[in-house]
Amino acid sequence: MRYFSVEEANRLVPLLSRTFERVRPWVERAQQLADTLGSSESTRDVHQDTLREERDALLERIRGELLQLTEMGLEIKGADGLVDFRAHRGDDPVFLCWRFGEPAVTHWHELQDGFAGRRPIDSPDDFAPTYLS
């Protein structure tokens, strides 16, 4: 398990921005396909099979792109661009939190709180780097 300082997390923001810029249209299209398939009649036809194949191919592309980020120790909370970085705030494990469109990692939350519990980072020095992986 890897832990990040605020500085380390911020170094990854350009990569995250590029990745989610590329992935977000795929996520949107996969959701459209899922909605279409979910509202279709239960009968199978060639058109539905084609839509399923397209959806499955998109999901595989999305997983492939995001796997690279998870292998770096990031936790993807939303394929549309919500990412957590494990960190230590004092002795407490927490998440640094970034959302697509934000220019930097400026928020954190307790492990159990999630996005709704985000708080601004008052001092980056509150978050100590560790170099374990």
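How closely do the axes of helix α2 and helix α3 come, and at roughly what angle do they cross? In this predicted model, the axes of α2 (residues 13–39) and α3 (residues 46–70) come within 9 Å and cross at roughly 155 degrees. An angle over 145 degrees counts as roughly antiparallel, and α2 and α3 are therefore roughly antiparallel to each other. The crossing of α2 past α3 is left-handed. The residues of this contact comprise 16 nonpolar, three polar and seven charged.

The largest nonpolar core has 29 residues. Leu-16, Leu-74, Phe-85, Leu-96, Trp-98, Val-105 and Phe-127 are the residues with the most contacts inside this core. At least two core residues come from each of α1, α2, α3, β2 and β3. The most are given by α2, with nine residues. In soluble globular proteins, nonpolar side chains tend to be buried together.

Gly-81 lies in the loop between β1 (74–78) and β2. Is Gly-81 buried or exposed? Its relative accessibility is 3%, and buried means under 20%, so Gly-81 counts as buried. Gly-81 and Phe-20 are 61 residues apart in sequence, yet their C-alpha atoms are 5.7 Å apart in space.

Technical notes
Residues numbered from 1 in each chain as written. Predicted model: local features only at pLDDT ≥ 70, side-chain atom pairs only at ≥ 80, totals over all residues. Heavy atoms only, no water. Axes fitted to C-alpha atoms, helices over the stretch in contact; angles between N-to-C directions. Helix = DSSP H or I, 4+ residues; strand = E, 2+ residues; numbered from the N terminus. Parallel < 35°, antiparallel > 145°, perpendicular 65-115°, else oblique. Left-handed = near helix turned anticlockwise from the far one by under 90°. Nonpolar A, V, L, I, M, F, W, Y, C, P; charged D, E, K, R; others polar. Core = buried A, V, L, I, M, F, W, Y, C linked by side-chain atoms within 4.5 Å. Buried < 20%, exposed > 50% of the residue type's maximum accessible area, 1.4 Å probe, protein only.
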